[in-house]
Amino acid sequence: MKYQLDQSRLPLCDVLTQYAKEDRVRLSMPGHKGGHIDTPLTKAWGAALWQWDVTELAMTDQLYHAQGCLLEAQQLLADFLGAEQAFFLVNGASAGLMAGILSVIKPGERILVPRNAHGSIWRGVALAGAEAVVMPVGIDETWQIPLGIDVNQVETVIKAYAVKAMVVVYPTYHGLYGDMAALISICKKYQVKLVVDMAHGGHLPFLPGRIPNPIELGADIVIQGWHKTMGSMTQTAVAAVQNETLTFGQNLLYFQSTSPSYPLMSSLDGARALWAVKGCQFGQDLAVWAAEFTQAIHQVTGWRTLDSKDFAGPVWGKDCTKILLVNDFGLSGFVVADYLSEMGIDVEMAEEALVTIILAIGDLPQKERIISRVTAALEQIRHKQQGVSVRENHLAAFLPSQEVAVLAPRPWWSMSCELVPYGEAIGMVAAEMVSLYPPGIPLLLPGQEITEKEIAILEQMILAGGSVQGCDNGVIRVLTEAVIKK
């Protein structure tokens, strides 16, 4: 990677280090005053992290009017990402996606959204007052996971529905990705602004094989969730903007605190410098680590992992650090995840057919320990379940059969709605998203008519042990008949 600026610099981290050394009298927020209180967290963390937890002062700069260390830190980030502008996100990739949508679409206009989009994207469309043109995605018939959009269909939909902007998930939450260069070319041809949900892909440009980078290819806004794979603290993400005419910075104010966390932002500053210096080596090491990990799994009878060759449809490749674990015993992913949790192993995501595991740089110093623990656990599960078919009914695709449709989602609190048992909701119109979390892809969207198929899938998810958001205590929120008639 070639950079214009000195990427070894740590402007924010250096200022916070200096601030802590000066033993200043803190007559400002936050109330812990640098950790001068005896709490369980002080004993666990020590005083150092508290010392860095400061407010916006003359020395520490202001995130939303950056002129000092935060300005330099974000300039370094833009250089690192290859973008015109870059922003620290301290409310997750979700904040960036919602701000991005508000930046590329106006009320009443249409934005193309893939059916496997994260819930935050649909919320962004609702807040923008836009119409969502729902784009079908391929579903793998065997493993029942979304594969992504078919780029060959995008041009037809853009022309037919007068689309002004588009969102794409790249890679999917299972690490699958399609032809980004072709997609961006189509968007440029029709002057469609493109927001890329790259929440799970900040590390992709560093992996062997030069996975296409949407920032370099000319996407308008790209959001990366760095806490997922890049080593920054949970809740941190970054935004790359290639079109300075977009009002991303102003729109971001609606979704982030005016008192941003300095420990969170400094973790982004540190992660950027680390990857700038060691990123290419990290990419090589992660690819080798993923191969070692999958090989170890394959040596345990009855267990294997899925690769890009296991999927048909619009899949160009797969992120090697996303491990899709399946078994021959008939165990559902929910059951496997529960077994592993009992043995002290936590996975990223469980579904009916598989378990998703994320490998990242924090694994590299402890590879032997991880392989030993995981293979021993898989052997133990094999001996418990060998010859027993537990998953009798293969859960239907989490996403029901799809077609291009236009929805006008609105925030449910602005409409007249009621709560009904989900079994009685067939024929009604959903007022709120219902999602399996993780990953947070909605089964039901606001404004969508509820059919027997969605209710059957919802019931299966609940029975299978999935964590369902938007269906607490067996009830879901629907629009009242009066609203529907209007």
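This is a predicted model: local features need pLDDT of at least 70, side-chain atom pairs count only at pLDDT 80 or more; totals for chains, interfaces and linings use all residues.
Helix 1 spans residues 11-21. Its buried residues are Pro11, Leu12, Cys13, Val15, Leu16 and Tyr19. The cover over these residues includes helix 3 (48-52), helix 4 (69-81), strand 1 (85-89) and helix 12 (262-298). Just after helix 1, aspartate 23 adopts a positive phi of about 50 degrees.

Three cavities of 30 Å³ or more occur in the structure. Strand 5 (146-148), strand 6 (165-169), strand 7 (176-177) and helix 8 (180-189) each contribute at least two lining residues. By class, the lining has twelve nonpolar, four polar and one charged residues.

Side chains of opposite charge can pair when their charged atoms come close. The structure has eight salt bridges. One of them joins glutamate 72 and arginine 9, at 2.5 Å from N to O. This pair links distant parts of the chain: glutamate 72 belongs to helix 4, and arginine 9 to the segment before helix 1, 63 residues apart. Glutamate 72 is partly exposed, at 24% relative accessibility. Arginine 9 is also partly exposed, at 36%.

A salt bridge of 2.8 Å, N to O, joins arginine 272 and aspartate 269. Both lie in helix 12, three residues apart, about one turn of the helix. Arginine 272 is buried, with a relative accessible area of 1%. Aspartate 269 is buried too, at 1%.

Glutamate 432 pairs with arginine 477 in a salt bridge, with the closest N and O atoms 3.2 Å apart. Glutamate 432 sits in the loop between strand 17 (417-421) and strand 18 (434-436), and arginine 477 in strand 21 (residues 475-479), so the bridge ties together parts 45 residues apart in sequence.

Terms used:
Residues are numbered from 1 along each chain as its sequence is written. Side-chain values use heavy atoms; hydrogens and water are left out. Buried means under 20% relative accessible area, exposed over 50%, partly exposed in between (1.4 Å probe, protein chains only). Helices (H or I, at least four residues) and strands (E, at least two) are DSSP runs, numbered from the N terminus. Contact means heavy atoms within 4.5 Å. On a 1 Å grid over the protein atoms alone, a cavity is a set of points where a 1.4 Å probe fits but cannot get out, and a pocket is an open set with protein on both sides within 12 Å along at least five of seven lines; lining residues have an atom within 4 Å of a point. Grid points are joined across faces, edges and corners, and a volume is the space filled by probe spheres set on the points. Ala, Val, Leu, Ile, Met, Phe, Trp, Tyr, Cys and Pro count as nonpolar, Asp, Glu, Lys and Arg as charged, and the others, Gly among them, as polar. A salt bridge is a side-chain nitrogen of Lys or Arg within 4 Å of a carboxyl oxygen of Asp or Glu.
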